[in-house]
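Dear colleague,

Please find below the structure that I am handing over to you, together with its sequence. My notes on what was found in it follow directly after.

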Amino acid sequence: MAQGKYSRFGDGKKSSSCSTATVIVVVGVCLVGVWMFMSSSVVPGQNPDLPVVRESKPKDSTKISSQFEDNSGDLSSDDSVKDVGTQENTQSETDTNSEESSTNEVETNSAEENTNSEDTNSSESENSNESESSNSDANEPEKKQEKVEKDEVEESTSDNKTEDLSAATQSEILKETNAQNGAFSTQAAESASEKKSQKPLISKEDQDSYRWKTCNVTAGPDYIPCLDNLEAIRHLHGRSHYEHRERHCPTDPPTCLVPLPVGYKTPIKWPKSREQIWYSNVPHTKLAAVKGHQNWVKVSGEYLMFPGGGTQFKNGALHYIDFIQNSLADIAWGKRTRVILDVGCGVASFGGYLFERDVVAMSFAPKDEHEAQVQFALERGIPAISAVMGTQRLPFPSKIFDVVHCARCRVPWHIEGGKLLLELNRVLRPGGYFVWSATPVYQNKSEDVEIWEAMSKLTKTMCWELVVINNDKLNEVGAAIYRKPTSNECYENRQQNDPPLCESKDDPDAVWNVQLEACMHRVPVDESVRGSKWPETWPQRLESPPYWLKSSEVGVYGKPAPEDFTADYENWKRVVSKSYLNGLGIDWSSVRNVMDMRAIYGGFAAAMKDLKIWVMNVVPLDSPDTLPIIYERGLFGIYHNWCESFSTYPRSYDLLHADHLFSDVKKRCKLQSLMAEVDRILRPEGKLIVRDNIETIAEVENMAKSMNWNIRMTYSKDNEGMLCVEKTFWRPAEVETLPYAVE
């Protein structure tokens with residue numbers, strides 16, 4: 001049985017002044033049994049250097065329905081919930097009345113509620129303390145109204161079940177086992193080169209004083225801390241292997257907030273966003289000038305238009321997708337083939353239209369001279385990350401992608417012993433296909449012929465079978481499709497061991513900061529080992545425990561691994577259907593890009609399968625290494641260290657979900673840095689859902705308030721809590737220059 005470390009749910013200590021299931025107005029760190037619903041705020045951020053002042057009016061009482069149900073148990077009469085929006089806004093309204101002559105009124109409607117935006121003061125200290133101000137005698141009517149609201153809510157919930165977050169009662173899922181000998185090790189343990197130092201806990205003083213500033217960096221609104229570390233890039237010894245496109249994270253993660261582009265607007269909803277986005281949100285035209293004739297992207301007034309073309313499919317991605325299917329029936333989009341890797345994706349139109357065939361694509365491209373290509377993809381509602389095939393392994397486990405696709409992806413596969421193509425071999429499933437659509441396949445120029453001959457020699461020595469070469473007459477391109485072997489017979493019968501087989505001690509699943517090796521790992525042949533069989537067809541693979549999960553192995557939550565998998569899925573189906581979809585006031589039609597910041601088995605994403613969304617499942621380095629399970633069930637994800645920035649552009653996601661992530665991260669790094677990163681990758685009006693211990697919930701809520709986010713809901717019981725907050729358009733007036741990110 002494999003050795004492994006497990007992080008723990010709910011390891012925070014309960015505040016001594018807070019008794020279990022007690023109703024308390026949210027002041028300080030005690031946060032027990034409180035629901036909070038506040039109006040959404042939409043304030044245009046034309047000038048990030050100027051504070052925004054907004055007008056607030058008392059809201060009507062909002063009764064809590066029976067949507068927060070869970071079969072695990074009912075809340076007692078003491079576990080009452082309450083709308084405290086009126087009280088939260090009282091001091092803000094008083095401040096506005098006193099400065100009425102010098103304020104600007106900005107009235108907007110949120111997607112969920114037609115209410116006026118909440119009021120904030122231009123003073124940063126007043127913003128951070130606004131919700132904690134004591135009420136004066138003049139606020140007595142609000143106090144009375146609050147009592148009425150409390151009585152109404154208690155009455156409305158007395159006969160209804162509410163989602164029970166108790167670690168002891170919710171199907172034993174909310175608290176992880178302490179076992180150290182479970183079935184899963186961690187990615188940090190697997191990656192020998194991952195040596196992150198442990199940082200002390202954030203002090204009490206830091207928790208209570210958050211002074212947010214706006215980042216002043218060369219990249220401006222497009223700042224990605226680990227990809228825009230210009231000082232580190234300047235000191236690189238070379239760039240021939242794309243080292244300058246790889247991650248170079250600053251020693252101290254930034255705590256400033258990235259500015260918004262001038263004129264930023266609420267993104268266009270899917271599926272319309274696949275064809276057009278606001279120019280003001282991604283104001284870059286270079287790609288349209290360079291690739292417009294290939295139907296990548298065009299500028300049309302206030303929009304950027306995406307005709308669905310690409311370098312290899314000028315007449316549309318759907319035709320190209322069908323061309324691949326017709327070339328090889330075994331591809332079977334949406335059945336045998338469910339999860340693919342698209343290398344050098346451009347604006348990801350290929351992945352965007354694969355949704356039509358029930359296929360999800362992990363698309364990636366570097367942050368390079370093809371200006372904002374990944375940012376275009378994300379703004380369109382298509383999954384993508386900023387990454388490059390350089391000197392290190394890709395942040396994915398081995399043997400997970402059903403198909404790997406490259407359409408003129410500009411990667412020199414054949415050089416240096418085929419090191420880069422061997423990396424694709426690592427992540428491709430045995431029996432999986434590599435689709436190569438590039439000029440060497442169908443053109444006879446001298447350079448193309450030379451590359452084709454080198455690729456033919458390399459793929460043959462790798463034991464890849466060239467299954468078919470086919471030409472697309474409409475687009476005047478061609479594609480070669482190769483198949484990875486399902487046994488080691490070819491490897492063993494080669495006359496020369498070149499490329500060599502990897503040493504037995506080389507772990508193919510260790511990827512974080514691990515250098516590329518020009519070698520191949522053996523194909524698993526034991527039928528009980530992952531990679532020896534093809535997964536079930538989609539969608540059956542989503543709900544079935546992988547064949548290689550053994551009952552003799554302990555799962556993350558302490559049960560036999562297959563039972564653990566099923567229990568996790570059943571739990572998330574209850575939580576999503578009874579709480580998230582109807583109980584949080586979220587307009588899910590406006591949600592497209594979702595991230596589960598601490599995925600385990602992918603149960604949260606699986607439970608959302610009927611929505612028109614996609615979920616990036618992130619498995620942190622120090623969490624159980626369950627990412628192969630996520631891929632096995634037809635979902636996708638990535639490894640990440642949350643003490644560093646994520647490889648994505650600002651304003652990439654509509655909703656972030658963090659299940660016991662924050663309490664784990666704060667053991668190693670500053671929680672304020674993580675919150676700044678959350679702010680960076682979340683869109684204005686985007687939602688953050690946090691499930692954690694009440695101490696951590698209180699910290700996150702206080703930081704959210706200090707950033708003028710809307711607190712939509714809080715709830716807690718038995719030291720476990722849930723928080724839903726909404727990012728606003730607010731940016732700090734004060735600026736912080738990051739020297740390492742300035743040219």
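In these notes a residue is called buried when its relative accessible area is under 20%, exposed when that area is over 50%, and partly exposed in between (1.4 Å probe, protein chains only). The model is a predicted one: local features require pLDDT of at least 70 and side-chain atom pairs count only at pLDDT 80 or more, whereas totals for chains, interfaces and linings use all residues. Residues are numbered from 1 along each chain as its sequence is written, and side-chain values use heavy atoms, with hydrogens and water left out.

Salt bridges

Side chains of opposite charge can pair when their charged atoms come close. A salt bridge is taken here as a side-chain nitrogen of Lys or Arg within 4 Å of a carboxyl oxygen of Asp or Glu. By this rule the count comes to 35 salt bridges.

One of them joins Asp 228 and Lys 367, whose closest N and O atoms are 2.5 Å apart. Asp 228 sits in the loop between β1 (214-216) and α6, and Lys 367 in the loop between β6 (360-365) and α10, so this pair ties together parts that are 139 residues apart in sequence. Helices (H or I, at least four residues) and strands (E, at least two) are DSSP runs, numbered from the N terminus. Asp 228 itself is buried, at a relative accessible area of 10%.

Arg 336 and Asp 330 also meet through their side chains, at 3.6 Å from N to O. Arg 336 is buried at 14% relative accessibility, while Asp 330, at 34%, is partly exposed.

A further salt bridge pairs Asp 654 with Arg 683 (2.8 Å, N to O). Asp 654 belongs to strand β15 (residues 653-659) and Arg 683 to strand β16 (residues 682-693), so the pair ties together parts that are 29 residues apart in sequence. Asp 654 is buried at 10% relative accessibility, and Arg 683 is buried at 4%.

Helix α10

Helix α10 (residues 373-380) is largely enclosed by the rest of the structure, because eight of its eight residues are buried. These are Gln 373, Val 374, Gln 375, Phe 376, Ala 377, Leu 378, Glu 379 and Arg 380. Just after α10 comes Gly 381, with a positive phi of about 95 degrees.

Backbone geometry

Most residues other than glycine have a negative phi, and most peptide bonds are trans. Which residues depart from this pattern is set out below.

Arg 408, although not a glycine, has a positive phi of about 50 degrees. Arg 408 lies in the loop between β8 (401-407) and α11 (419-427) and is partly exposed, with a relative accessible area of 37%. Cys 463 likewise has a positive phi, near 70 degrees. Cys 463 is in the loop between α13 (446-461) and β10 (465-472), and is buried at a relative accessible area of 9%.

Trp 270 and Pro 271 are joined by a cis peptide bond with omega of about 5 degrees; Pro 271 is in the loop between α6 (230-234) and β2 (276-278). Asp 498 and Pro 499 are joined by a cis peptide bond as well, with omega of about 0 degrees. Pro 499 lies in the loop between α14 (489-493) and α15 (540-543).

With kind regards
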